[in-house]
Amino acid sequence: MVIELEANQIQIQRILQSKVFRTSEVQRNLLNYLAEKSLAGSAHTLKEYTVGLDVLGKPPSYDPRQESVVRMHIARLRQKLAEYYRTEGTQDPIIVDLPKGGFKVTFESRPLVAPESVPAPPASHRRERMLAVCLAMALVCGGYLGIRLWLIDRGQGPAGAPGFRSGSTWTPELQQLWAPLLSSNRRLMVCLSTPLFIRVPGFGFVRQSSSNDWSDGSEAQNFSSLNEALHVSGAEPTYGFTGVGTASGAFLLGQFLAQRKQDVLLTRSDLISMPEIAMDNVVFLGPVAGKQMEAIPVDQQLVLDQKGIRNLKPRPGEPAFISDHAPQGARDVQESHALITQVPGLYGNGQILYFSGNEIPSVMAAVQAFTDPTLARRLVSKLKGANGSLPHSYQVVLKVRSMDDMPIDITYVFHKELSATKQSASARP
């Protein structure tokens with residue numbers, strides 16, 4: 001049963017990442033929502049009105065008898081699923097369908113067919129496939145978080161706080177750090193950084209770290225030039241990969257949250273929608289936030305840069321730039337920095353927690369600071385005020401010494417309390 005559930009969840013993620021669904025955020029959100037309800041066994045309780053409110057953002061005054069928007073999108077979703085299995089999904093092991101007359105998504109195993117002998121692909125195609133597999137491994141690790149969170153044992157937690165569950169490592173300091181997100185009745189959305197990669201036919205995948213938006217004119221021009229230089233055509237964007245540090249941090253976070261919070265969902269930075277950000281608490285992991293997360297007004301004073309962290313308003317004695325230092329040799333100790341940011345959500349409602357960093361150990365260390373009892377105790381001792389409470393909004397810089405991409409020493413550098421007044425900023429955590 002568990003294996004079947006995991007396989008079905010992976011199939012849904014495969015469909016959501018496909019070309020067919022890439023251009024339709026509404027259809028991605030609708031399929032993801034219905035699949036979650038179906039796998040949880042609650043799809044039979046869904047009504048047209050509920051789907052309109054939860055997925056399409058309709059107001060409480062929405063009347064399905066007067067407006068057929070839900071039925072229209074459901075019909076379109078069936079068409080897109082059929083299109084997917086006619087094109088990209090012809091060899092998928094599981095067939096996902098949405099039968100007429102309800103909102104329940106079904107999952108059927110594709111009958112096995114004896115393999116035919118086919119010639120080996122050209123060397124360039126083999127290289128491209130191998131690179132794709134290597135890059136996809138990181139996303140699979142991150143996806144494991146979402147699969148495991150489906151298996152959460154529901155319950156109440158310490159002090160009767162909704163959403164909490166007791167655990168042997170739960171401490172007062174961990175409760176202080178997580179209370180704004182876990183004690184809320186809002187769902188918790190875990191969002192993984194998925195930067196822009198470009199698939200170049202016959203060569204593999206290319207990433208330009210300075211850009212994360214394919215719709216940007218300069219980005220399209222850059223890859224048009226690349227096509228000409230390589231004498232190829234058909235380069236296309238993909239957001240289907242995440243970094244090893246992000247995936248590792250997600251795994252640690254999944255182990256921590258699985259015992260302490262119900263209603264935890266997983267998404268990617270290119271798929272998260274503004275209604276989700278408005279209605280949920282969000283935990284973001286990774287260096288690249290995506291356009292929806294970047295659109296949130298944040299009065300931040302520390303900004304992640306490609307080579308470290310920029311201090312926009314340095315106080316006396318503080319550096320204007322905190323630089324990461326790459327190791328000189330394969331066995332040398334690396335020094336990087338993690339940036340943790342906690343701010344209110346949209347319109348001041350809910351909470352958003354960022355675990356950011358440029359290097360693999362950075363994101364891992366940021367998550368460890370919020371999940372390891374010893375590190376949490378040290379962090380809270382630096383953050384709490386004279387009254388013993390933590391700031392409502394703050395940013396923290398951690399120095400991370402690591403070897404072989406594994407944090408070996410995590411130390412507090414400094415933190416800044418943020419103003420309650422939100423302001424737009426050009427760069428994000």
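## Basis of the model

Residues are numbered from 1 along each chain as its sequence is written, and side-chain values use heavy atoms, with hydrogens and water left out. Because the model is predicted, local features need pLDDT of at least 70 and side-chain atom pairs count only at pLDDT 80 or more, whereas totals for chains, interfaces and linings use all residues.

## Overall make-up

The protein has 13 helices and 15 strands, these being DSSP runs numbered from the N terminus (H or I with at least four residues for helices, E with at least two for strands). Of its 429 residues, 47% are buried, where buried means under 20% relative accessible area, exposed means over 50%, and partly exposed lies in between (1.4 Å probe, protein chains only).

The protein exposes about 20,700 Å², and carbon and sulfur atoms supply 54% of that area, as computed by the Shrake-Rupley method with a 1.4 Å probe, only the protein chains shown counting as cover for residues. Among contacts (heavy atoms within 4.5 Å) with a separation of 6 or more, 66% come from residues 24 or more positions apart.

Helix H12, residues 360–371, has twelve residues and reaches 17 Å from its first C-alpha to its last, close to the 16 Å expected at 1.5 Å a residue; the expected span is 1.5 Å times one less than the number of residues. H12 is mostly covered, with ten of its twelve residues buried, including Pro-361, Met-364, Phe-370 and Thr-371.

Helix H9, residues 244–257, has 14 residues and reaches 20 Å between its first and last C-alpha, close to the expected 20 Å. Its buried residues include Gly-245, Leu-253, Phe-256 and Leu-257.

## Aromatic rings and nearby charges

The structure holds seven aromatic pairs, counted when the ring centres of Phe, Tyr or Trp (its six-membered ring) lie within 6.5 Å, with planes under 30 degrees apart called stacked, over 60 edge-to-face and the rest tilted. One of them joins Tyr-84 and Tyr-85 in an edge-to-face arrangement, at 5.0 Å centre to centre and 85° between the planes. Tyr-84 is buried, with a relative accessible area of 2%, and Tyr-85 also counts as buried, at 15%.

Ring pairs link Trp-170, Trp-178, Phe-256, Phe-355 and Phe-370 into a cluster; of these residues, Phe-256 is a buried residue of H9 and Phe-370 a buried residue of H12. Arg-260 lies over the face of Phe-256, at 4.5 Å from the ring centre, and the charged end of Lys-80 sits over the ring of Phe-21, 5.8 Å from its centre. A charge sits over a ring if NZ of Lys or CZ of Arg is within 6 Å of the ring centre and within 35 degrees of the ring normal.

## Two loop residues

Thr-194 lies in the loop between strand S3 (188–192) and strand S4 (197–200), and Thr-194 is buried because its relative accessible area is 0%. The side chain of Thr-194 makes a polar contact of 2.8 Å with the side chain of Asp-270; a polar contact is a pair of N or O atoms within 3.5 Å, and within protein one must be able to donate a hydrogen and the other to accept it, while residues adjacent in sequence count only if both atoms are side-chain atoms.

Ser-389 is found in the loop between helix H13 (373–383) and strand S14 (394–403), and is partly exposed, with a relative accessible area of 33%. Leaving aside neighbours within four places in sequence, Ser-389 is in contact with Gln-176, Leu-383 and Lys-384, and a polar contact of 2.7 Å joins its side chain to that of Asn-387.
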